[in-house]
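Hi everyone, thanks for making time. Let me put the model on the screen, and then we can walk through it together.

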Amino acid sequence: MSRFFATGSDSESEESSSADEITPKASGATFKQSLLLSDDEEDTKRVVRSAKDKRFEELTNLIKTIRNAMKIRDMAKCLEEFEQLCRAFIKSKNIVDKEGVPAFYIRLLADLEDYLNQLWEDKEGKKKMNKNNAKALSTLRQKIRKYNRDYETEIAAYKENPQESADEEEEKEPEESGSSSESETEEGDEGVSAKAFLKKKPEPVPDASKFLKSAKGSGDESSSSDDDEDAEDWGSDTVDSGSESSDEGEGKSSSLALVFLKKTQESEKSTEKKVSKKKKLKKKERLEEEIEEEGEEVEGGWEKVKGGAPMVKEKPKMFAKGTEINVPVVVKKLNEILQARGKKGTDRAAQIELLHALAGICNEHNLGQGILVKIKINIIASLYDYNPNLAAFMKADMWKKCLECIDEMLDILFENSNIFIGENIAEDSETLSISDQPFRVRGCVLTLVERMDEEFTKIMQNTDPHSQEYVDNLKDEGRVCGIIDRLLNYLENKGSTEEICRVYLRRIMHTYYKFDYKAHRRSLGLQGETKSEQDQEESESDDSAIIMDRLCKFIYAKDRTDRIRTCAILCHIYHHALHSRWYQARDLMLMSHLQDNIQHADPPVQILYNRTMVQLGICAFRQGMIKDAHNALLDIQSSGRAKELLGQGLLMRNMQERNAEQEKIEKRRQVPFHMHINLELLECVYLVSAMLLEIPYMAAHEFDARRRMISKQFHHQLRVGERQPLLGPPESMREHVVAASKAMKMGDWRTCHSFIINEKMNCKVWDLFPETQRVREMLVRKIQEESLRTYLFTYSSVYDSISMQTLSEMFELEIPTVHSIISKMIINEELMASLDQPTQTVVMHRTEPTSLQNMALQLAEKLGSLVENNERVFDLKQGIYGGYFNRDQKGGYQQNKSGYQRGGDQKGGYQQNKSGYQRGGYRNQNQGNY
């Protein structure tokens, strides 16, 4: 059928429905007839549409919804509809494979990605979004970027010539859609028929409108954005066309041709209108982009406006023209600015600028340093308040401004000794005007500097420690310490004792963890490598040890708060331990008795205590005090939470143990990365100490059933090593220690030495110590001595006697050292032997039970405990509850000092006394033999 008959006028449809003569009916006429049928007939007649029409209509509707959501910046709705659009597009895959990806779909993807990128770059707009929209924006941006990778070529083609893509889309419209249209206002005749239908039958309006909207086969998506304007333009045309067609003869074919020609002209006009509108929109978009890029205002262009409180374009004048500027006027203006502080909608950046402008006015009019100091104090406080969230850290530009303001304020205080600042000065009694009396200003410089120090810590906590940014931020510590030193000098003259103690503690906290390499070189008699280093060393003041000693002793004497004194003691001990002053650190720790009540301290002090104990243990290890090192590190390492206890990170836990709020609090307690203690070095020191203590002890008590473990963690590592099915060369630090322990157990000190001290272990652990060579020599010596003890414990039953000369050569130790070790073992009754001085030999005594005797003793002990347990179970079944209570019944258990003794006159009962089981015979004092 010719496409001239695709659309008929309203008058034709009415004529065909009323006349009885048989005429060829167009599809449009059938469509009009269906609207005029009764309800019963309408239910029976259905319009069949192709799958392509249905699928494309679904996509068009979803795209329209997305565009509406884009207009109102509803990102959550955009995300939801985009996900539905993706699912609908997957359903249309068969049709898309045949027809190709529709142009309107590509256009939406390109426009949506550009729109999201524009929103993402608008920092101010993002801040004002609510939480759901901000989250949806981030999610949708990631999804659209990932999704658009499959359509890069189509999107690129569209972006190169968007006008051409739109025209192609419109050209396809009449071919694909046939008699259908996108909306009621698109086609003139349909608009008339709908109106006629509304006059006749108002009830089925929703069905008719729904049918009209769904009749579109392949909608022109681009018209959805201009829907309202097009409806107005096309409405008048449709009415005119309807009236013209009704005036001409009804039922004539010429009317159809006239209508068609009219529509062609109208479609051409509408196309021209759309093209002109699109050009205008493109022009506006280009203007907006130019304004954003250049930041200049273009006449007739668009200007971006911030949401929220209305912003004043011009800076408000600080004072009215002709106002006399004096101190009371400036104070009044200052109070006006400060009253807005903390209120909703206040622009904090603008408030800081106003305060800076006020300070400039004070300088211009020479109003005195008193009012200037007061304004500076408020500027610094406003910089701290710029981030309302306590957990957030200051941005770089604000941080620099803060340091500069504090430096400027300290400059004024040092230049003018007649300014007194104090928290106890009331606002009424402030003296800000220039007069004979000194200036009195309400405020506290120490509090501002303490807050600055806390902000510096937060900046370091929130910066990636492996980035260059961290190094750049760490360079600011020199300025922070310089400000603290200047304040320290100021408060020593004008501050109270309490304030001096507080600022001393701040200085100590920036000093205690730093190793003084220059003092270390001086103690070794070394000089700097270059002349500049030598000059710097000569010009420098006291060593850090002298500074720490002076500051800490002042706090010990003057401080009246427990916390500052505790922190000072711990920092002092840490500094002593770091510089290998073991005895001073140990004595200070023992005299302070901190270990008795440290559990009642607040978490930051407990973290400092843990760090100090760890440093004390590492110091003891460097000095060769292996047992002291092990004892100091035992509590931290045995917990398995060394990282968390030292404030160097959080372990993964269930939400039941720690909620989100607690996690935030714990993150604020973390120590900055540059203050961390190397956890691998710490574990290595602990495991090596445990090895040197545990292996000889295991060899001495090999068959002892009641042997206790010195280090559970070390035993766990040994068991892990034994469970491995294939033993290769050790790789990690733990594997090296386990391999060395196995070698030491056999008395092979050379293999043990090669596993503990090698190139890999040097890089990971030993080279991190200040005196690397001395530590390695100490380790070799300890390995030789403990290997000798292990060898004697393990193989003493094999020898009748052994020469000390042989032992000296075997373990490469001096004969006096060998003699000393063996003598100690004999005195402590660890080795049953005697020394023959003339021949320099060790004569073994055969008093140790053999392995068979040891096993028999163990079996007897286990059998005894088994019989006793069985009797208790039997008594419980009989209803006799004994064991833990004194019973008068015959056969019950009675508890005495020596343990549980079977009551009654029964013979052969088990009795245990205080002396236990003696070695060399299985008997007790009461002659209760088996």
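Let's begin with charges: D407, D411, R479 and R486 are linked in a network of salt bridges, a salt bridge being a side-chain nitrogen of Lys or Arg within 4 Å of a carboxyl oxygen of Asp or Glu. Before I go on, a word on the source: this is a predicted model, where local features need pLDDT of at least 70, side-chain atom pairs count only at pLDDT 80 or more, and totals for chains, interfaces and linings use all residues. Residues are numbered from 1 along each chain as its sequence is written, and side-chain values use heavy atoms, with hydrogens and water left out.

How many salt bridges does the structure hold? There are 39. One of them pairs E99 with K52, with the closest N and O atoms 3.5 Å apart. E99 sits in helix α6 (residues 93-99) and K52 in helix α4 (residues 51-71), so this pair ties together parts 47 residues apart in sequence. Helices here are DSSP runs of H or I, at least four residues, and strands are runs of E, at least two, numbered from the N terminus.

Is K52 buried or exposed? K52 is buried, at a relative accessible area of 19%, while E99 is partly exposed at 48%. For the cut-offs, buried means under 20% relative accessible area, exposed over 50%, and partly exposed in between, using a 1.4 Å probe and protein chains only.

Another salt bridge joins K143 and E83, at 2.6 Å from N to O. K143 belongs to helix α9 (residues 131-147) and E83 to helix α5 (residues 75-91), so here the parts tied together are 60 residues apart in sequence.

Now the nonpolar side. A nonpolar core is a set of buried Ala, Val, Leu, Ile, Met, Phe, Trp, Tyr and Cys residues joined through side-chain atoms within 4.5 Å. The largest has 156 residues, and F621, I756 and W766 touch the most other members. Helix α34 (residues 679-700) gives the most to this core, with 13 residues. Apart from it lies another core of 36 residues, including L85 and L119.

Last stop, the sheet. Three strands form an open, antiparallel sheet in the order β3-β5-β4, where pairing requires at least two DSSP bridges between two strands. The edge strands are β3 (801-803) and β4 (833-836). Within the sheet, I802 stands opposite V842 in β5. That's my tour, and I'm happy to take questions!
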